[in-house]
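I opened my notebook to look around a structure that was new to me. Here it is, so that you can follow along.

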Amino acid sequence: MSLLDPKETFASLAESVGLDVRLRKAVQRLGHVRPTLVQSKCLPLAINSGRDLLVRAKTGSGKTLAYCLPLLQKILQAKSGSSSGMDERSSSQPQAVRAVVLVPTRELCSQVYATLKSLIYYCDEIVSLAVLSATAATREKSQTDLARQRAMLRDHPDIIVATPAGLLGHVRAGDVNLKTSLETLVVDEADLVLSFGYTNDISEIVKNLPKICQGFLMSATLSPELNSLKKIVLHSPVVLKLEQEEMDRSAGHLTQFYLSLPKKDKNLVIYVFLKLGLLKGKGIFFVNSTDGGYKLKLFLEQFHIRSSVLNAELPFRSRLNIIEQFNVGNFDYLIATDESTDAVDTDDEENDSDDDDEDDEDDKQQKSKRHKKKDADYGVSRGLDFRHVSFVLNV
């Protein structure tokens, strides 16, 4: 649940920052009555002051809207010619890439794209969007996919949403030129970007940007490692963060339990917890490996408990469909593997050895081949919008 600002409504905030009426109507259409704290603090600084921002706020606090509205506001002002603060490049290039949003995973690309799409509901004939996944330089992609992405870039979309690797591949290929037109750069879930090893990619992208460019660095944590990214992306930023007591207050609704037990008893305990109603409503089960996820799903199916798995081996569109089906309530339990960290389920290995070496050499070769097909731009541990979740169980 996002921490709302009790002192302000979105209507009053929008009026105070001069938010475009089309964006106001879109926000109202989405049902946002009160801004979250990070939104009420971020919008005035980003829109009225034009400052670079380093924002620390917990996952689910409304950071996406906090940077989407300012960058859309800037684009609409530039296109209407009503912004006194814009330089000559805005008017000399009526159609060009003006904003880039970098996120660590393809799932987040789709989620941010959907948010932007909903915000331009009343001005989609003016503002254009493009989503870029990884290119052939970093990932095996079909020629059709590459041709489609290049066609989008030839149309000079106003906003590009991409993973760092996805954008960098096109920059290197000369498919997109950001040097003369870009006005806003956003790095969302910046701490995850670091953990995915994208620092060098972002450094190379920044070298291909204008020297004057408003930057947003959004993160759930402010770690010392983030300073390197801060120096690359931002210029004299305002550091914006929720007060610790506010974060603690919002986290007060979260109850955590830890249960230590043998591996062989875990599935049984999960079944008992579900059967007795100790785990109620919709839930996400995190497991260490893809195989462990499928084993848990098969175990639950024995008791007619419906679930679905989510892992890096599934096709991208299948993953998006699973998330959508979970959010609309077609099943209540999602078994997720966040193997971007390449975790090893040692317990599974021990069990497999105890079961009379039931995996023969052919099975191991098949697993090895299958594991090579994982999508390195996959991740579900944070940032994605899973709706109406009552509990999370780390198996």
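My entries follow, beginning with the ground rules and the whole chain.

**Ground rules.** I am working with a predicted model, where local features need pLDDT of at least 70, side-chain atom pairs count only at pLDDT 80 or more, and totals for chains, interfaces and linings use all residues. Residues are numbered from 1 along each chain as its sequence is written, and side-chain values use heavy atoms, with hydrogens and water left out.

**Whole chain.** I found 17 helices and 11 strands; these are DSSP runs numbered from the N terminus, helices being H or I with at least four residues and strands E with at least two. Next I looked up burial, where buried means under 20% relative accessible area, exposed over 50%, and partly exposed in between (1.4 Å probe, protein chains only). Of the 395 residues in the chain, 48% are buried. The chain exposes about 19900 Å², and carbon and sulfur atoms supply 50% of that area; the areas come from the Shrake-Rupley method with a 1.4 Å probe, and for residues only the protein chains shown count as cover. I also checked contacts (heavy atoms within 4.5 Å). Among those between residues at least 6 apart in sequence, 82% join residues at least 24 apart.

**Cores.** I looked for nonpolar cores, meaning sets of buried Ala, Val, Leu, Ile, Met, Phe, Trp, Tyr and Cys residues joined through side-chain atoms within 4.5 Å. The largest has 55 residues, and Tyr 67, Leu 71, Leu 116 and Ile 159 are among those with the most contacts inside it. Helix H4 (residues 63–80) gives this core its largest share, 9 residues. I then picked Leu 71: beyond its neighbours within four places in sequence, it contacts Ala 99, Val 101, Leu 116, Ile 159, Thr 184 and Val 186. Another core, of 30 residues, lies apart from it and includes Val 97, Leu 167, Val 176 and Leu 226.

**Salt bridges.** Here I counted a side-chain nitrogen of Lys or Arg within 4 Å of a carboxyl oxygen of Asp or Glu. The count comes to 9 salt bridges. In one of them, Lys 79 pairs with Asp 158, their closest N and O atoms being 3.0 Å apart. This pair links distant parts of the chain, 79 residues apart: Lys 79 sits in helix H4, and Asp 158 in the loop between helix H7 (143–154) and strand S4 (159–162). Is Asp 158 buried or exposed? I find Asp 158 buried, because its relative accessible area is 0%, while Lys 79 is partly exposed at 27%. Glu 183 and Arg 98 also meet in a salt bridge (3.5 Å, N to O), and both residues are buried. Lys 264 and Asp 265 form another, at 3.6 Å from N to O. Lys 264 is exposed, with a relative accessible area of 66%, whereas Asp 265 is partly exposed at 26%.

**Leu 30.** I found Leu 30 in the loop between helix H2 (21–29) and helix H3 (37–49). Leu 30 counts as partly exposed because its relative accessible area is 32%. Its C-alpha atom is separated by 7.8 Å from that of Ser 118, 88 residues apart along the chain. Not counting residues up to four places away in sequence, Leu 30 touches Ser 118 and Leu 119.
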